[in-house]
There are 2 protein chains.
Amino acid sequence: MDSDKSGEAAKITIQEPKADTKGKGIDGAFIAPVMVAAKAAQRPRKGWKKGVAIVDLVLRLSAIVAGFAATSLMATTDETLPFFTQFLQFHAQYNDLPTFSFFLIANAITSGYLVLTLPFSIVCIVRPRAAGPRLLLIILDSVMMGLTTSAASASAAIVYLAHNGNSSSNWNAFCLQFNNFCQQVSSAVVASFVVSALLLCLVVLSAFALRKMK
Amino acid sequence: MDSDKSGEAAKITIQEPKADTKGKGIDGAFIAPVMVAAKAAQRPRKGWKKGVAIVDLVLRLSAIVAGFAATSLMATTDETLPFFTQFLQFHAQYNDLPTFSFFLIANAITSGYLVLTLPFSIVCIVRPRAAGPRLLLIILDSVMMGLTTSAASASAAIVYLAHNGNSSSNWNAFCLQFNNFCQQVSSAVVASFVVSALLLCLVVLSAFALRKMK
């Protein structure tokens, strides 16, 4: 069968010299339509990948905004109560609790990391089929997601205690006194959870992009 | 140029009738060696992917052990102090603090999830080139990593308070009294951090496996 086909192919070349002069020939005649079909199939896939890369950049920019919001909200917590005794002035700041200091450092690191990865995200838009930057991003994003989630959850546990206290361990709520302090810290924690949710979305998106990288 | 090439191709078919009678022709003669080379390149890659899938299963089994250890350690915390007053008996249990209850639920969910994903991990060993199960695993592993890290960090913040207290907010350490309780809870938190580190390794491993899935 195959030998017949090749015979036919040879015949076609001899019988149709016009096709040859157009600069295609046997190989061209058979391969060209296949390549056109393959390119047509690649075009929507490439467009899809470019779309994913653009969504990645938008999510990353949102995470940067949320990250800097969380960091600055926590860094600027500072409340002094209007009443004071002879020896003591009531004053609350983030570094009164070590967990909040960890929160500040972790969120600053994550925000800085997100800014540094912007060029890689842009490379993924320009070259949607490059798997290297995507792999780097998915690994570092997972690590940073762990760090941010950890900081946000630890602070959430403390904020919960500050709001509600705990009778079993005799820890009293202080949010009734330091209301502004508590509100600002709660906002910072929420912003940090937004960052970690966005990082989770980025990891899932990168996983899908790597899956289709064929 | 192309027309010259096609002319050569036609010449070869006519000059070598033996190649045709073997049932290969022009297409076969060019494609066969390429396919052999591609198969030779695929063989070690398939072995590498199988290795990754086996490491995935081993890490998953370790995470199950650590997850159940964390859950059972937290669930069995129960300490009653030998001294008591007329109205009050000093007693500590995990459900005295809501954070520890969350820890128990989150670790139980993660352990259950890890057991349920064992079949998918085995499918990845049997069929190393299947991208579907791997994609499912990387997404769910990321979500579960977030949950476990969150539970472990929140409890770590509380355990830190229980050990050291906090003078600014007037929260006293109770670990000097409830020593066994604190030790057991600390072990549970460490086990939970081990689970979340193993889940991070699983995410990174799956990302590498998806990258090479070509």
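Reader: How many helices and strands does chain A have?

Author: This is a predicted model, in which local features need pLDDT of at least 70 and side-chain atom pairs count only at pLDDT 80 or more, while totals for chains, interfaces and linings use all residues. Residues are numbered from 1 along each chain as its sequence is written, chains are lettered from A and ligands numbered from 1 in the order in which they are written, and side-chain values use heavy atoms, with hydrogens and water left out. Helices (H or I, at least four residues) and strands (E, at least two) are DSSP runs, numbered from the N terminus; from that end, the elements of chain A run α-α-α-β-β-α-α-α-α. Chain A therefore has, by this definition, seven helices and two strands.

Reader: What percentage of the residues of chain A count as buried?

Author: Buried means under 20% relative accessible area, exposed over 50%, and partly exposed in between (1.4 Å probe, protein chains only). Of the 214 residues of chain A, the share that counts as buried is 45%.

Reader: Is B:Thr71 buried or exposed?

Author: B:Thr71 belongs to helix H3 (residues 25-75) of chain B. Leaving aside residues up to four places away in sequence, B:Thr71 touches B:Leu104, B:Asn107, B:Ala108 and B:Ser111, where contact means heavy atoms within 4.5 Å. Its relative accessibility is 13%, so B:Thr71 counts as buried.

Reader: Is B:Ile105 buried or exposed?

Author: B:Ile105 is found in helix H4 (residues 98-116) of chain B. Its relative accessibility is 51%, so B:Ile105 counts as exposed.

Reader: Why does the pair of A:Trp171 and B:Trp171 count as tilted?

Author: Rings of Phe, Tyr and Trp (its six-membered ring) pair if their centres lie within 6.5 Å; planes under 30 degrees apart count as stacked, over 60 as edge-to-face and the rest as tilted. By this rule there are nine aromatic pairs over all chains. The centres of the rings of A:Trp171 and B:Trp171 are 6.2 Å apart and their planes stand at 35°, so the pair is tilted.

Reader: Where does A:Trp171 lie in this pair between chains?

Author: A:Trp171 counts as buried, at 1% relative accessibility, and B:Trp171 is buried with a relative accessible area of 1%. The pair crosses between chains, with B:Trp171 in the loop between helix H6 (131-164) and helix H7 (179-211) of chain B, and A:Trp171 in the loop between helix H6 (131-164) and helix H7 (179-211) of chain A.

Reader: Which kind of aromatic pair do A:Phe174 and A:Phe178 form?

Author: Both A:Phe174 and A:Phe178 are buried. Ring pairs link them into a cluster that includes A:Trp171 and B:Trp171. With 6.2 Å centre to centre and 80° between the planes, the pair of A:Phe174 and A:Phe178 is edge-to-face.

Reader: How are H6(A) and H7(B) oriented to each other?

Author: Axes are lines fitted to C-alpha atoms, for helices over the stretch in contact, and angles run from 0 to 180 degrees between N-to-C directions. Angles under 35 degrees count as roughly parallel, over 145 as roughly antiparallel, 65 to 115 as roughly perpendicular and the rest as oblique. H6(A) and H7(B) pack at an angle of about 170°, with their axes 10 Å apart. The two helices are therefore roughly antiparallel.
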